[in-house]
Amino acid sequence: MKTEILEKIKGQLIISCQAFEDNPLYGADHMLTIAECARAGGAKALRICWPDQVKKIKEHMDLPVIGIYKQFREGMCLYDDVFITPTYETAREMIEAGSDIVALDGTLRKRTAKELETMIRRLKADFPHIPLMADIATMEEGLLCEAIGFDILSTTLSGYTRETMSDSKEPDYRLAGELKQKTRCFVNAEGRIWEQAQLERMMEEKPDSVTIGTSVTNPMAITRRFLSTFEKCREAEKNEAEF
């Protein structure tokens with residue numbers, strides 16, 4: 001069954017549909033609408049956050065779903081703390097909600113390799129039919145996650161950990177390419193893909209799948225991005241006129 005699920009997403013564009021509490025699209029009903037838009041546009045798989053939203057979407061469509069459980073707590077730092085499906089319990093909830101694949105943080109931030117391996121071995125023993133995706137930021141993490149049994153390696157967290165944070169707004173093409181060359185895992189490219197040219201460049205690295213989220217499914221973030229450019233242009237016009 002694992003092979004069948006991986007074959008369904010291989011060579012596909014996956015659309016991530018997520019919204020947090022500060023977003024008007026927050027909630028299972030809104031995410032179902034966004035997911036239906038993605039399907040109508042041609043998406044063959046989805047990445048969905050939280051059990052209630054996975055359950056809602058699986059009740060209404062049969063696309064493969066990569067489930068994640070983003071668990072935030074007061075005072076945490078997103079660069080230093082694990083928040084994407086951080087525990088066995090959160091992964092189990094996503095599986096029980098109907099996720100076909102579960103993505104977990106594959107970094108070693110504030111935990112040991114042994115702790116991560118113990119969790120993955122337990123999940124593989126209890127849910128052998130569910131492929132596990134490692135959201136990682138570095139090649140070293142990719143090699144570790146392959147060794148401890150992850151089925152999929154995803155570049156999701158490159159640029160979003162203390163070790164990899166930078167001013168670059170480009171996707172991590174190099175990491176995607178190295179994962180394909182140096183591991184035998186299924187490789188998913190994800191993170192900071194905003195432009196068609198960036199997607200074209202990423203495809204040169206031959207990932208097995210590509211996931212795009214914010215630039216497709218978050219109108220609030222898209223508006224802010226355009227507004228930032230608009231305001232910079234207006235400010236430049238103002239300065240030019242004053243000069």
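A residue is called buried when its relative accessible area is under 20%. The model before us is predicted. With that cut-off, Arg-47 is buried, since its relative accessible area is 1%. Its partner in a salt bridge is Asp-135, and the closest N and O atoms are 2.6 Å apart. Arg-47 belongs to strand S2 and Asp-135 to strand S5, so this pair ties together parts that are 88 residues apart in sequence. Asp-135 also counts as buried, at 0% relative accessibility.

How many salt bridges are counted in total? The count comes to 20. Another of them joins the side chains of Asp-29 and Lys-56, at 2.9 Å from N to O. Asp-29 sits in helix H2 and Lys-56 in helix H3; the pair therefore ties together parts 27 residues apart in sequence. Lys-56 is partly exposed, with a relative accessible area of 24%.

A further salt bridge links Arg-201 with Glu-205, with 2.7 Å between the closest N and O atoms. Here Arg-201 is partly exposed at 30% relative accessibility, whereas Glu-205 is buried at 18%.

I turn now to the helices. Helix H6, residues 139–147, packs with helix H7, residues 173–182, at an angle of about 35°, and their axes are 10 Å apart. The crossing is right-handed. Met-139, Gly-142, Leu-143 and Glu-146 of H6 make the contact with Leu-175, Glu-178, Leu-179 and Lys-182 of H7. These contact residues comprise 4 nonpolar, 1 polar and 3 charged.

Methods
Residues are numbered from 1 along each chain as its sequence is written. This is a predicted model: local features need pLDDT of at least 70, side-chain atom pairs count only at pLDDT 80 or more; totals for chains, interfaces and linings use all residues. Side-chain values use heavy atoms; hydrogens and water are left out. Axes are lines fitted to C-alpha atoms, for helices over the stretch in contact, and angles run from 0 to 180 degrees between N-to-C directions. Helices (H or I, at least four residues) and strands (E, at least two) are DSSP runs, numbered from the N terminus. A crossing is left-handed if the near helix is turned anticlockwise from the far one by less than a right angle, and right-handed if clockwise. Contact means heavy atoms within 4.5 Å. Ala, Val, Leu, Ile, Met, Phe, Trp, Tyr, Cys and Pro count as nonpolar, Asp, Glu, Lys and Arg as charged, and the others, Gly among them, as polar. A salt bridge is a side-chain nitrogen of Lys or Arg within 4 Å of a carboxyl oxygen of Asp or Glu. Buried means under 20% relative accessible area, exposed over 50%, partly exposed in between (1.4 Å probe, protein chains only).
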